Amino acid sequence: MRKISVDRDKAIKVTLAVFIGIAVLFGAYSMAAYRTSPIITKVTYKTSYTERGELTHMGFFSNESVYQNGTSLSYYPRKITRMITGNYRYVESPKAEGKYKAFLRTDYYVTSNKKRVYITNKTRESWSGEFSGSFSIPVTFDVGELESDLKDVQQGTGLYRASGDTYLMVEVEVPGREPFTQKVSLTTDTSGMLKLTNPTKDYKKVERHANTTVHKMNFAGREIAVSEGRTLFPAMALLFLVPPLGFAYTRREKKPEDEMKGLRKFIVDGVPSGIGTIDPVALESVEDLEKVFDLVDKPIVHYVDGDQDVYAVVDGGVIYEYREGSRREEEKVE
């Protein structure tokens, strides 16, 4: 049987190079995985429907020297305004069928500790019905009637600080949609001007749609989720990196301890003249060499004989030698 010669050092180097290469490959995949978002979410918005309620209005006055009847104002002078008439219109898109109800009401109240205490209320007009797409109702705020009714309530209750809150309330219901409500109030500010608050209301129903996509990476001919790759690739990189690191740790060169450290300053290089003519006394250890040096108090001569370091102490016609050992070692593997 023929023996196959294997270069052990070369085989080890090739194996380690393969492990390092694979570790670098998985490291590159790890970087790519962490640079890529695991998922991507695309959000879109779609308007399902829109609704609009609007009260258009105009005033009629007892004195037309400044404002003519039928003038539309943001503020109406209370003392000359007889009534405010208008038309409330509701429109939706896309067109759908539904029901509505509305009423014009006045709530009478007094204020106690900054809180309203309601006395009574009066519904002046009310409307209801079905519609498809839109509807409209006529609305009239009779200012003279409102003031007269308020005086009647004040006199009837003896609460002369009573006030009235007059408003139009509209409620719309369409199957499958959220209820639509709108309150338009007739208010008086500190300057004595009348104002209709919240005459227009717009509502838009917007639906949010989120589409989430899981990012994947191509590895070894198959797709793998990025989130999975963030765990798998670093683990594989570490797995293949451990053997080279372990080998490097176990094979690291350790500096041999210098046996001659304590005697190094007493050593000189040279060759004793008696070498070859006098049989030397062979010393077994550095400790023996140190003892001889202490006894004879002579320098230690260092020279090389073949592949050995020789340390000698010459005392008259006697040579004491310590041979350190082979200077070169070779390893051969078959």
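## Reading the model

Buried residues have under 20% relative accessible area, exposed ones over 50%, and partly exposed ones lie in between (1.4 Å probe, protein chains only). By that scale, glutamate 145 is partly exposed, at 37% relative accessibility.

Please keep in mind that this is a predicted model: local features need pLDDT of at least 70, side-chain atom pairs count only at pLDDT 80 or more, and totals for chains, interfaces and linings use all residues. Residues are numbered from 1 along each chain as its sequence is written, and side-chain values use heavy atoms, with hydrogens and water left out.

## Salt bridges

Side chains of opposite charge can pair when their charged atoms come close. The structure contains 13 salt bridges, each defined as a side-chain nitrogen of Lys or Arg within 4 Å of a carboxyl oxygen of Asp or Glu. In one of them, arginine 124 meets glutamate 145 at 2.9 Å, N to O. This pair connects distant parts of the chain, 21 residues apart: arginine 124 sits in strand E5 (residues 115–132) and glutamate 145 in helix H2 (residues 143–157). Helices (H or I, at least four residues) and strands (E, at least two) are DSSP runs, numbered from the N terminus. Arginine 124 is buried, with a relative accessible area of 19%. Both residues also belong to a salt-bridge network with Lys122 and Asp149.

Arginine 52 pairs with glutamate 54, their closest N and O atoms being 3.5 Å apart. Here arginine 52 is partly exposed at 34%, and glutamate 54 is partly exposed at 29%. For arginine 323 and glutamate 321, the closest N and O atoms are 3.4 Å apart. Arginine 323 is partly exposed at 32%, whereas glutamate 321 is buried at 6%.

## A negative surface patch

Glu259, Glu287, Glu290, Asp294, Asp297 and Glu324 form a patch of negative charge on the surface. Patch members have over 30% relative accessible area and no salt bridge, and like charges are joined within 9 Å. Helix H4 (residues 286–296) supplies the largest share, three residues. Glutamate 324 lies in strand E17 (residues 318–326) and is partly exposed, with a relative accessible area of 33%.

Strands E11 (residues 216–219) and E12 (residues 222–225) run antiparallel and are joined by four bridges; two strands pair if DSSP finds at least two bridges between them. Lysine 216 has alanine 225 of E12 as its bridge partner. Two residues lie between the strands of this hairpin, where alanine 220 takes a positive phi near 55°.

Technical notes: Patch = residues over 30% accessible without salt bridge, like charges linked within 9 Å, V, L, I, M, F, W, Y side chains within 5 Å. Areas by Shrake-Rupley, 256 points an atom, 1.4 Å probe, with all protein chains shown as cover. Lys, Arg positive; Asp, Glu negative; His and termini not counted. Charge placed at Lys NZ, Arg CZ, Asp CG, Glu CD.
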